[in-house]
Amino acid sequence: MSEDNLLSRISIDPNICFGKPCIRGHRIWVSLILDLLATGETIEEILEEYPSIEREDLLACLAYGAEMARDVFVEIPLGTTKEADA
């Protein structure tokens, strides 16, 4: 999967989770996933804890974090989706 395809799994919406980058369609912050991985949780353990997300979502979080670490601004279109507002 290309980096662009991975990054399309990340969303930023000022009305959802205070505008923090999240896995698209969920209220799961990218930073939460990165924190879990940094503390030693495996991808398999995270997928068991969050069965509604996919391996590619976790890879998207890593790709987003890598871009941010390069001091590269990643353009994520702002959206106002209703699917994650509940």
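I will start with G19. Setting aside neighbours within four places in sequence, G19 is in contact with I12, D13 and P14, where contact means heavy atoms within 4.5 Å. G19 sits in the loop between strand 1 and strand 2. Its C-alpha atom is 9.9 Å from that of G79, and the two glycines are 60 residues apart along the chain.

Some housekeeping. This is a predicted model, in which local features need pLDDT of at least 70, side-chain atom pairs count only at pLDDT 80 or more, and totals for chains, interfaces and linings use all residues. Residues are numbered from 1 along each chain as its sequence is written, and side-chain values use heavy atoms, with hydrogens and water left out.

On confidence, pLDDT is the predictor's confidence in each residue, from 0 to 100. The protein averages 88, and 88% of the residues score at least 70. Helix 1 has the lowest confidence, with a mean of 82, and helix 3 has the highest, at 98.

Now the layout. The protein has four helices and two strands, in the order α-β-β-α-α-α from the N terminus. Helices (H or I, at least four residues) and strands (E, at least two) are DSSP runs, numbered from the N terminus. Of the 86 residues, 34% count as buried; buried means under 20% relative accessible area, exposed over 50%, and partly exposed in between, with a 1.4 Å probe and protein chains only. Among contacts between residues at least 6 apart in sequence, 53% join residues at least 24 apart.

Back to the loop between the strands, which also holds C17 and F18. Neither residue is a glycine, yet phi is positive in both: near 55 degrees for C17 and about 60 degrees for F18. Are they buried or exposed? C17 is buried, with a relative accessible area of 12%, whereas F18, at 74%, counts as exposed.

Next, the cysteines. C22 counts as buried, at 2% relative accessibility. C61 is buried too, at 0%. Its closest cysteine sulfur is that of C22, at 9.1 Å, which is too far for a bond.

On to helix 2, residues 30-38, where V30, I33 and L36 are buried. Seen down the axis of helix 2, the buried residues fall within an arc of 130 degrees, so they line one face of the helix; the arc is that of the directions from the helix axis to the C-beta atoms. What covers them includes strand 1 (10-11), strand 2 (22-23), helix 3 (43-49) and helix 4 (55-69). After helix 2 comes G40, with a positive phi near 105 degrees.

Last, the core. The largest nonpolar core has 18 residues, and I10, I33, I53 and Y64 have the most contacts inside it. Such a core is a set of buried Ala, Val, Leu, Ile, Met, Phe, Trp, Tyr and Cys residues joined through side-chain atoms within 4.5 Å. Helix 1 (3-7), helix 2, helix 3 and helix 4 each give two or more residues to this core. Helix 4 supplies the largest share, five residues. I33, then, is both a buried residue of helix 2 and one of the residues with the most contacts in the core.

Note on methods. A disulfide is a pair of cysteine sulfur atoms within 2.5 Å.
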